[in-house]
Amino acid sequence: MATKYVYKPEMCDRMIELGKLGGSQKMIWSDLGITRDVAKTWQKKYPEFGDALDLALVHSQAYWEREMLANVGNKAFNSRVAEIALRGQFPNDYRERMDIKQDVKADVTIDFAGAVNDLIKQLRATKE
């Protein structure tokens, strides 16, 4: 059974409201009764929809960051779960980086005498 999706401008306000409550994209789309593909299509077709979704996600991320900051000293708050949720919802902002420092040794032979002779030849050629 195919579902007909109908865009309504008031959906934008609802997305922002859900974002302020910490809702994820999937929670927002579920609340609106739409699929990810419909949301992607509407972002292109209705610029205000895309803007509202972007703003909703900013609010959502800020909500969870505030929750973590407010509960830094609260032993009952599961900060690990909140961290995992943030990484899942906002992977570009909370990507783990692994910088690896390596010492590499290589045997390199440089013919300084040959390089100097080549430079002298080039200098003489430009003077002539």
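## Briefing on helix packing, rings and buried residues

W64 has a relative accessibility of 24% and so counts as partly exposed (buried means under 20% relative accessible area, exposed over 50%, and partly exposed in between, for a 1.4 Å probe and protein chains only). The model is predicted, so that local features need pLDDT of at least 70 and side-chain atom pairs count only at pLDDT 80 or more, while totals for chains, interfaces and linings use all residues. Residues are numbered from 1 along each chain as its sequence is written, and side-chain values use heavy atoms, with hydrogens and water left out.

**Confidence**

- The chain has a mean pLDDT of 87 (the predictor's confidence in each residue, from 0 to 100), and 95% of its residues reach 70 or more.
- Confidence is highest in helix 1 (residues 10-20), with a mean of 97, and lowest in helix 6 (residues 112-127), with a mean of 81; helices here are DSSP runs of H or I with at least four residues, numbered from the N terminus.
- Where pLDDT is low, the predicted coordinates should not be read in detail.

**Packing of helix 1 on helix 4**

- The axes of helix 1 and helix 4 are 7 Å apart and meet at an angle of about 10° (axes are lines fitted to C-alpha atoms over the stretch in contact, and angles run from 0 to 180 degrees between N-to-C directions).
- Helix 1 is therefore roughly parallel to helix 4, the term for angles under 35 degrees, whereas those over 145 count as roughly antiparallel, 65 to 115 as roughly perpendicular and the rest as oblique.
- Helix 1 contributes C12, M15, I16, G19 and K20 to this contact, and helix 4 contributes E48, F49, A52, L53, L55, A56, H59, S60 and Y63; contact means heavy atoms within 4.5 Å.
- Sorted by class, the residues of this contact are 9 nonpolar, 3 polar and 2 charged (Ala, Val, Leu, Ile, Met, Phe, Trp, Tyr, Cys and Pro count as nonpolar, Asp, Glu, Lys and Arg as charged, and the others, Gly among them, as polar).

**Aromatic rings**

- The whole structure holds 6 aromatic pairs, where rings of Phe, Tyr and Trp (its six-membered ring) pair if their centres lie within 6.5 Å, and planes under 30 degrees apart count as stacked, over 60 as edge-to-face and the rest as tilted.
- One of them joins W42 and Y46 edge-to-face, at 6.4 Å centre to centre and 75° between the planes; W42 is buried at 7% relative accessible area, whereas Y46 is partly exposed at 21%.
- Y63 and W64 also form an edge-to-face pair, with 4.9 Å centre to centre and 85° between the planes, and Y63 counts as partly exposed at 24% relative accessibility.
- Ring pairs link Y7, W42, Y46 and F49 into a cluster.

**Buried residues and their contacts**

- Q61 belongs to helix 4 (residues 47-70) and counts as buried at 15% relative accessibility; leaving out residues up to four places away in sequence, Q61 touches L86, F90, D93 and Y94.
- S24 sits in the loop between helix 1 and helix 2 (25-32) and is buried at 13% relative accessibility, and, with residues up to four places away in sequence not counted, S24 touches S60 and Q89.
- L32 is part of helix 2 and is buried, with a relative accessible area of 14%; apart from neighbours within four places in sequence, L32 is in contact with M11, R14, M15 and F49.
- Although L32 and Y7 are 25 residues apart along the chain, their C-alpha atoms are separated by 9.6 Å.

Key: Helices (H or I, at least four residues) and strands (E, at least two) are DSSP runs, numbered from the N terminus.
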